[in-house]
Amino acid sequence: MVRDGVEVAHLDPVDSDGSFDDPSASSPLLTSAPCARSRISPYLLGLGAPSPINDFAGIEKVARRLADRTGDTVYVAMRRLDGVHYLTRADGSYPIRAVVVEVGETVPLGATFAGIALLSWHEPEAVEARLLANERLWRTMRAAELPDLQDTVAAVRRAIAQVHERGYFFDRDTVMRGVSGMAAPIPSRTADPYMAITISAINDRLPPSRVDELAPLLLEAAREITASIR
């Protein structure tokens, strides 16, 4: 199961039926709130390895500019072991925003738009194994109805094919019903991509015509961040 949500304020975690559930898993709520431009956390690599980020302020600046240009929620996330660590978020001006995860949170690889983009460099068998592990985790964490695993695998495979063909992917409802997103891996000069930038919005905000309009902006932002990383 891939997990993202739509929320705008800090709210108590609730299930999709409105019941309170495990505090480690939050479900989406559609609402509006004053625009918080960005929320940032320091990078936490662990294992004593040096940070591959040369200019964190530069990454923040690119994310904020993309959010201003699109009006939607922008995230930058980085691969961290078998997870994806969310480094920064910038909110656009549209009053109903798709807030995927909290900045500073690490979620399993393949569980969000950024994580799907970063699965693009895995063998198909490894992709399916990762998604199966995610589904087991979500079933343990929450009682809400989950989509069929094979439907999720098929959608993620389509997304990965888009990444290899276009440099980004667009998806709706796989990550969470009612949520659409675009994600692009951020090119690295020294390794396979280990970071991704995403745009998240409610479905009505991302019809196919607007996806075509936003794709060049997303890819431009991904290329700009390359200058800030190794």
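How many cavities of 30 Å³ or more does the count come to? The count comes to one cavity of 30 Å³ or more. Here a cavity is a set of points, on a 1 Å grid over the protein atoms alone, where a 1.4 Å probe fits but cannot get out. Grid points are joined across faces, edges and corners, and a volume is the space filled by probe spheres set on the points. Keep in mind that this is a predicted model, in which local features need pLDDT of at least 70 and side-chain atom pairs count only at pLDDT 80 or more, while totals for chains, interfaces and linings use all residues. Residues are numbered from 1 along each chain as its sequence is written, and side-chain values use heavy atoms, with hydrogens and water left out.

The largest cavity has a volume of about 40 Å³. Its lining (residues with an atom within 4 Å of a point) is made up of Val62, Arg65, Leu66, Arg69, Leu217, Glu220, Ala221 and Glu224. Helices α1 and α5 each supply at least two residues of that lining. By type, the lining divides into four nonpolar, no polar and four charged residues; Ala, Val, Leu, Ile, Met, Phe, Trp, Tyr, Cys and Pro count as nonpolar, Asp, Glu, Lys and Arg as charged, and the others, Gly among them, as polar.

Now follow α5 itself, residues 208-226. Helices (H or I, at least four residues) and strands (E, at least two) are DSSP runs, numbered from the N terminus. The 19 residues of α5 should span 27 Å at 1.5 Å a residue, and the end C-alpha atoms are 27 Å apart, so the two agree. The expected span is 1.5 Å times one less than the number of residues. There is still a kink of about 35° at Leu214, shortly before Pro216; the bend is the angle between axes fitted to the seven residues ending there and the seven starting there.

The buried residues of α5 include Arg210, Val211, Leu214 and Ala215, and the buried set packs against α1, β2, β5, β6 and β7.

Arg205 counts as buried because its relative accessibility is 17% (buried means under 20% relative accessible area, exposed over 50%, partly exposed in between, with a 1.4 Å probe and protein chains only).

Finally, look at Tyr168, in the loop between α4 and β5. Tyr168 is buried too, at 7% relative accessibility, and touches Val211, Ala215 and Leu218, among others.

Technical notes. Contact = heavy atoms within 4.5 Å. 1 Å grid on protein atoms, 1.4 Å probe; cavity = no way out; pocket = protein on both sides within 12 Å on 5 of 7 lines; lining within 4 Å. Lists of a residue's contacts leave out its neighbours within four places in sequence.
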